[in-house]
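Please read them with the sequence and coordinates open.

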Amino acid sequence: MNMSDRSIALIDVNNFYVSCERVFNPKLEGKPVVVLSNNDGCAVARSNEVKALGVKMGQPWFQLKDLAKKHGIVAYSSNYALYADMSNRAMSLLATFSPDHEVYSIDECFLDLTGFRKQNLVLYGQHIRQRIKQWTGLPVCIGIGSTKTLSKLANHIAKKHPEFDGVCDLNAMSLRQHDDWFSKIAVGEVWGIGRRLAPRLHEIGIHTVLDLRMTSPSRMHSNFSIVMEKIIREINGTPCIELEEMNPPRKQIVSSRSFGIPVSDLASLEQSVSLYISRAAEKLRRQRSYAEAVYVTIRTSPFNEKEPYYTNSLTIPLTTQTDNTVLLTKIALWGLREIYRCGYKYQKAGVMLSELVSANHRQPDLFSPVAADTKSDNLMNVMDQINARMGRSTLKLASEGFRQPWKMKQGNRSSGYTTKWDELVCVTK
């Protein structure tokens, strides 16, 4: 295993949502903090103090009320606009440390540091950490390895073991040191394994990363998949997963939310579906794609035993590929009316745009005049430009409604510190 060929770093923001809240509210440092999902339902981010109390990811908030009261757990509603803006700031800054990088998720970024090997990469990693902390206030950990999978494992080590001071470079270790660390890490921590595959690996005697590294990649391919083979080869230092400098376009775009209050009337459902289609269509145009099908779904609460359960969905194929919000909304609302049943209390609605094609491969409608397409494109461009400049939903379809009492609950959302002029932090003497 030749560890000296490549140096891939994974930079991961620690407890990202919680860290974003702490940047603008330093009083939260050292306190147990959770960020809740839509409608303040479940814990989707936990500070280290909360993790130490045994709170699991996704644990319902109502189960934590007594624990929160006892230990003073502070709960925040999700503030997605703030988190997205803080992510953009961090990722833009990380891009200055290497010309080759991949934004993997809202809080993770891969950097190719192969060309920096003449430097001490641990010191370089510390420099990156300090710059991110100074310029954004966000704490990060950095893992370095010869493959993306190894950099993920190095990041895991850096997070769990304070002696690394936030930066772990597996390339600077010997094979024996690798074996020592890998023997202590559960196989479920490996990128691509997780909770789903770990039990199957346990059945054949693979419990740690070292156990997985020692297995035959080709045999595991036949028993599992090509993905498993790639994971094992990556753990052994053979790159199989390259950096993607451009995120590939989505093949499907989903927009759905649970309601803040149960919804029974069709009008409220129509408002929600119109809003979700509008959000999905914005993303569709942003990646320069067109949809060939619209999927609509509604359901009542599966946990409310006092009310009858109902769920239904419908996929509507389109005769013409489109990215037009007006047309997509009309189609989605027709689908909603087909599956709606009176007498139920609905908890959730959602839409999905599927069968996406890029603008370069769009098949024009033979019988549609070119002028109609041009008019549609111009309308959507104006709509997107106004909303980008003046704020989301400045220009919207009337079918989205205005009061929207069904919108998700955000009872304890922090301010839009970086996204709203009237919510900026004010410093007074």
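1. Basis. This is a predicted model, in which local features need pLDDT of at least 70 and side-chain atom pairs count only at pLDDT 80 or more, while totals for chains, interfaces and linings use all residues. Residues are numbered from 1 along each chain as its sequence is written, and side-chain values use heavy atoms, with hydrogens and water left out.

2. Strand β7. Helices (H or I, at least four residues) and strands (E, at least two) are DSSP runs, numbered from the N terminus. Strand β7 spans residues 140-145 and is mostly covered, with 6 of its 6 residues buried; buried means under 20% relative accessible area, exposed over 50%, and partly exposed in between (1.4 Å probe, protein chains only). In a regular strand the side chains alternate between the two faces of the sheet. In β7, V140, I142 and I144 point one way, C141, G143 and G145 point the other way, and all are buried.

3. Neighbours of β7. Two strands pair if DSSP finds at least two bridges between them. Strand β1 (residues 8-13) pairs with β7 in the antiparallel sense over 6 bridges, and L10 has G143 of β7 as its bridge partner. With strand β8 (residues 167-169), β7 pairs in the parallel sense over 3 bridges; here I144 stands opposite D169. From β7 the chain crosses through helix α6 (residues 148-160) to β8, and this β-α-β crossover is left-handed. The convention is that a crossover is right-handed if, with the strands pointing away from the viewer, the path from the first strand over the helix to the second runs clockwise. The handedness is the item I would ask the reader to look at in the display.

4. Second largest pocket. Its volume is about 1600 Å³, and 47 residues line it, of which D12, N15, K51, K159 and K160 lie nearest the centre. The elements giving two or more residues to this lining are β1, α1 (16-24), β3 (43-46), α2 (48-52), α5 (121-136), α6 and α8 (194-203). Helix α6 gives the most, with 7 residues. The lining divides into 17 nonpolar, 13 polar and 17 charged residues. For these classes, Ala, Val, Leu, Ile, Met, Phe, Trp, Tyr, Cys and Pro count as nonpolar, Asp, Glu, Lys and Arg as charged, and the others, Gly among them, as polar. A pocket is an open set of points on a 1 Å grid over the protein atoms alone, where a 1.4 Å probe fits, with protein on both sides within 12 Å along at least five of seven lines; lining residues have an atom within 4 Å of a point. Grid points are joined across faces, edges and corners, and a volume is the space filled by probe spheres set on the points.

5. Aromatic pairs. Rings of Phe, Tyr and Trp (its six-membered ring) pair if their centres lie within 6.5 Å, and planes under 30 degrees apart count as stacked, over 60 as edge-to-face and the rest as tilted. By this rule the count comes to 16 aromatic pairs. Y80 and Y83 form an edge-to-face pair, 6.4 Å centre to centre with 90° between the planes. Both lie in helix α4 (residues 80-94), 3 residues apart, about one turn of the helix. Y80 is partly exposed at 33% relative accessible area, whereas Y83 is buried at 0%. Y104 and W191 are also edge-to-face, at 5.4 Å and 85°. This pair links distant parts of the chain, 87 residues apart: Y104 is in strand β5 (residues 101-105) and W191 in the loop between α7 (175-182) and α8. F16, Y17, Y80 and Y83 form one aromatic cluster.

6. Positive phi. D165, in the loop between α6 and β8, has phi near 55°, a positive value in a residue other than glycine. D165 is partly exposed, with a relative accessible area of 48%. R288 also has phi near 55° and sits in the loop between α12 (266-286) and β10 (289-300).

7. Strand β12. What encloses residues 346-354? Strand β12 has 7 of its 9 residues buried, so the rest of the structure largely encloses it. G350 stands opposite S256 and is the bridge partner of T297.
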